[in-house]
Amino acid sequence: MKKLKLMTLLACLLTVVGCQTKQGTYSLGGTGIGAAAGAVLGGIIGHGKGAAIGAAIGGAVGAGTGAIIGRHMDKVAQETAAQVQNAKVEEVTDANGLKAVKVTFDSGLLFQTGKSTLAANSKNDLSKFASVLKNNSSCDVDIQGYTDNQGWKNCTAEQSTAKNQELSLDRATSVSFYLQSLGVGNSQIKSVKGFGETNPVGDNTTAAGRQANRRVEVYLYASQEMVNQANNGTLK
């Protein structure tokens, strides 16, 4: 029954995207469609709390290995908080139940309103963050973009939702490209997605809530390499 419901949901999603494109209201590229699907599935996987972070690790991760990784991620969180001043650093749990680090950048500090080009004054923080990522290359990285639910001028509600989703993806992609331009390995960044208006962290009826919802989240979590290092005693 669960599989049937999931397939029905996917069919409905593809139908909606197809109608938007055929009507010419807002054209979504292939990456946009994939990210839109990811937003819906992320809500299911994360039980309404957002997309699950990280892929399944090969083999079971024992309690001892998990504790070693947890202590290592504590150090990663401390380094990030010390280096990157204009971001919120939190410790969260990934899809494997392991400790991970979530770094939230306010979109207002990264971009001008409605734009996806990085502001000049935001590049300093991202440069410092790139150094953290390079120092911790055994951390895999997911980048997620979000917006508030405000509409766009001369657009229907459906068009605005699509444009917000596309903007969130463009902003996440801009962050990814800039980090890579600073030497962060392409293979380290495992996922770049835009989730638009979904998974709000603030109240969209207030200015403060909308500002909180306009954000880029970057997750650092254990790679298979890190798990192997923890297992063989070489992870510090």
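**Helix packing and the core**

Analyst: In this predicted model, the crossing of helix 5 and helix 6 is right-handed.

User: At roughly what angle do the axes of helix 5 and helix 6 cross?

Analyst: Two packed helices are described by the angle between their axes and the distance between the axes. For helix 5 (residues 123-135) and helix 6 (residues 157-181), the axes come within 9 Å, and the crossing angle is roughly 65°.

User: Which residues of helix 6 make the contact with helix 5?

Analyst: By class, this contact of helix 5 with helix 6 has 7 nonpolar, 1 polar and 1 charged residues. Helix 5 contributes Lys123, Leu126, Ser127, Phe129, Ala130 and Leu133, while the residues from helix 6 are Val175, Tyr178 and Leu179.

User: Which element gives the largest share of the largest nonpolar core?

Analyst: Among the 36 residues of this core, those that touch the most other members are Ile69, Phe105, Phe129, Ile143, Val175, Leu179 and Leu220. The elements giving two or more residues to the core include helix 3 (63-83), strand 3 (139-146), helix 5 and helix 6. The largest share amounts to 5 residues and comes from helix 5.

User: How far does helix 6 reach from its first C-alpha to its last?

Analyst: Helix 6 has 25 residues, for which 36 Å is expected at 1.5 Å a residue. The reach in the model is close to that expectation, at 36 Å.

User: Which residue just after helix 6 takes a positive phi?

Analyst: The phi in question is about 105°, and the residue that takes this positive value just after helix 6 is Gly183.

Definitions and conventions
Residues numbered from 1 in each chain as written. Predicted model: local features only at pLDDT ≥ 70, side-chain atom pairs only at ≥ 80, totals over all residues. Heavy atoms only, no water. Axes fitted to C-alpha atoms, helices over the stretch in contact; angles between N-to-C directions. Helix = DSSP H or I, 4+ residues; strand = E, 2+ residues; numbered from the N terminus. Left-handed = near helix turned anticlockwise from the far one by under 90°. Contact = heavy atoms within 4.5 Å. Nonpolar A, V, L, I, M, F, W, Y, C, P; charged D, E, K, R; others polar. Expected span 1.5 Å × (residues − 1). Core = buried A, V, L, I, M, F, W, Y, C linked by side-chain atoms within 4.5 Å. Buried < 20%, exposed > 50% of the residue type's maximum accessible area, 1.4 Å probe, protein only.
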